[in-house]
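Hi,

Here is the model I promised to pass on.

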Amino acid sequence: MRDSANRGPMLTRTDTRARALADLEPVPEDSLIALIGLVNADPRPDKIDVGVGVFRDGAGNTPILKVMKDAERRLLETQDSKAYLGSAGDKRYAELLRPILLGEHAGDDRIAGLQTPGGCGALRLGFELIATVNPRARVFLGTPSWPNHAPIINAVRLECVDYPYYETGQATIRFEDMIAALESGEPGDVALLHGCCHNPTGADLSEDQWREVVRTVGERGLIPLIDIAYQGFGRGLDPDAFGVRLMLQACDEVIVAQSCDKNFSVYRDRVGCLFVKTGSKTATQTAMGHVFQSAREMWSMPPDHGAACVHIILDDPRLRADWLVELKAMRDRINSVRRRIASADPRLAFIGRQFGMFSMLPLSPEQVLKLRRDRAIYMAESGRFNVVGMGDGQIDRFIAAVIEAMDG
Ligand SMILES: Cc1ncc(COP(=O)(O)O)c(C=O)c1O
């Protein structure tokens, strides 16, 4: 039962029996977080951590971008107040992101945006909005997807319906199955899509496939919610936003959850943005009223620091140019490591055709555990690994161990 009147967005269901805190059931540990603990506990100096989802450079570090340091210095010198900004956060920040994400739709006044605590905050707000408008909406979620999607959807008590997305053994998108599943949607149901650099598979929709998805979403009256957390890590800022922009061109109602945590390398600073499009400026303003209210209930207003720095970078032509250079360096490293792994063995060739930080190796959970035990190589049991989780000096050893495991 999902009755909006009874829906307390931040409340866990308490059922009828009053219980003491001591009665709480333990929560199973998040497997990716648990993996970080295992890596840290391994004393072997040559261990390889391709589990955690952060960009690492050739030396194996996740440095703060030089341009971010410049922006932080400028913020320190110029910021004269830390007074509240309001639920929308830094409005100029959201304005500056519009051309980057929305492209030719940046001037469309039926699209409104607001700063959120990371991509997670944007996803949560987007689903809150859906649950407010239609608590019976079902959310079509690809399998596999980023493991935090289902919990965020469940938190607002919307029902998840899986759609097949990827065939690991074949390294192919199950496109016909995906379309068939979306065709079973009812008007008002939601299609959750990855804008680019699909996590965990690296398998992105082609432009023709996007056209087909857009057509299906339009015909069925589904609301697309596009999660774009890695813009600029695949082919470039504009090509990575192809799907978002095509959807905006074709559909009246679109929600986009954007993260700047990866492409500005500010993971812990929690920098994101939610964009909402409806059929009219007035309806969008009303929808944003609901979004502001949800934000106010959950975090009142987003943290300022990271978004303030992104604002400084994007508002200054020199800093913006510097950011583009550093973003390209991250993208180039991802794609060159991909090519290096792909060329090592025909069974790994698919990695060179995929995008972003993640791909899935055709390994069983047993093979993954053996790699951990015998080779100190840590990845998710699904075989998902972070292409740039290792430094340059570790790549050959990683490739050799994976080939050994596949031969296994
Ligand atoms: C697909 C996807 N969406 C959203 C996020 C959330 O990003 P953030 O750290 O900005 O909340 C991530 C982070 O790993 C992700 O992989």
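With C120 the backbone is involved: one of its N or O atoms lies 2.9 Å from an oxygen atom of the ligand. The ligand exposes 400 Å² when taken alone, and the protein buries 91% of that (Shrake-Rupley areas with a 1.4 Å probe; for residues, only the protein chains shown count as cover).

Some housekeeping. The model is predicted, so to speak of local features I need pLDDT of at least 70, and side-chain atom pairs count only at pLDDT 80 or more, while totals for chains, interfaces and linings use all residues. Numbering runs from 1 along each chain as its sequence is written, and side-chain values use heavy atoms, with hydrogens and water left out.

Back to the ligand site. Around the ligand are G118, G119, C120, W146, N199, D227, A229, Y230, S259, D261, K262 and R270, where being near means having a heavy atom within 4 Å. By class, this shell divides into four nonpolar, four polar and four charged residues (nonpolar: Ala, Val, Leu, Ile, Met, Phe, Trp, Tyr, Cys and Pro; charged: Asp, Glu, Lys and Arg; polar: the others, Gly among them). Helix α4, residues 118–133, gives the most to the shell, with three residues (helices are DSSP runs of H or I with at least four residues, strands are E runs of at least two, both numbered from the N terminus).

The ligand sits in the largest pocket. A pocket here is an open set of points on a 1 Å grid over the protein atoms alone, where a 1.4 Å probe fits and protein lies on both sides within 12 Å along at least five of seven lines; a molecule sits in one if more than half of its atoms lie within 2 Å of its grid points.

R270, one of the ligand-shell residues, has a positive phi near 65 degrees without being a glycine. R270 is in the loop between β9 (254–259) and β10 (272–277) and is partly exposed, at 29% relative accessible area (buried is under 20%, exposed over 50%, partly exposed in between, with a 1.4 Å probe and protein chains only). A171 is not a glycine either, yet its phi is about 55 degrees; A171 lies between β5 (166–167) and β6 (172–173), in the loop, and is buried at 18%.

There are cis peptide bonds to check too. One joins N199 and P200, with omega about 25 degrees, and P200 is in the loop between β7 (190–194) and α7 (207–220). Another joins T143 and P144, with omega about -5 degrees; P144 belongs to the loop between β3 (138–143) and α5 (149–155).

Last, the loop between α12 (317–342) and β11 (358–360), which holds D345. Is D345 buried or exposed? D345 is buried, with a relative accessible area of 10%, and a polar atom of its side chain lies 2.7 Å from the backbone nitrogen of R347. L348 is in the loop between α12 and β11 as well, and counts as buried at 1%.

Cheers

Technical notes: Polar contact = N/O pair within 3.5 Å; in protein donor to acceptor, adjacent residues only side chain to side chain. 1 Å grid on protein atoms, 1.4 Å probe; cavity = no way out; pocket = protein on both sides within 12 Å on 5 of 7 lines; lining within 4 Å.
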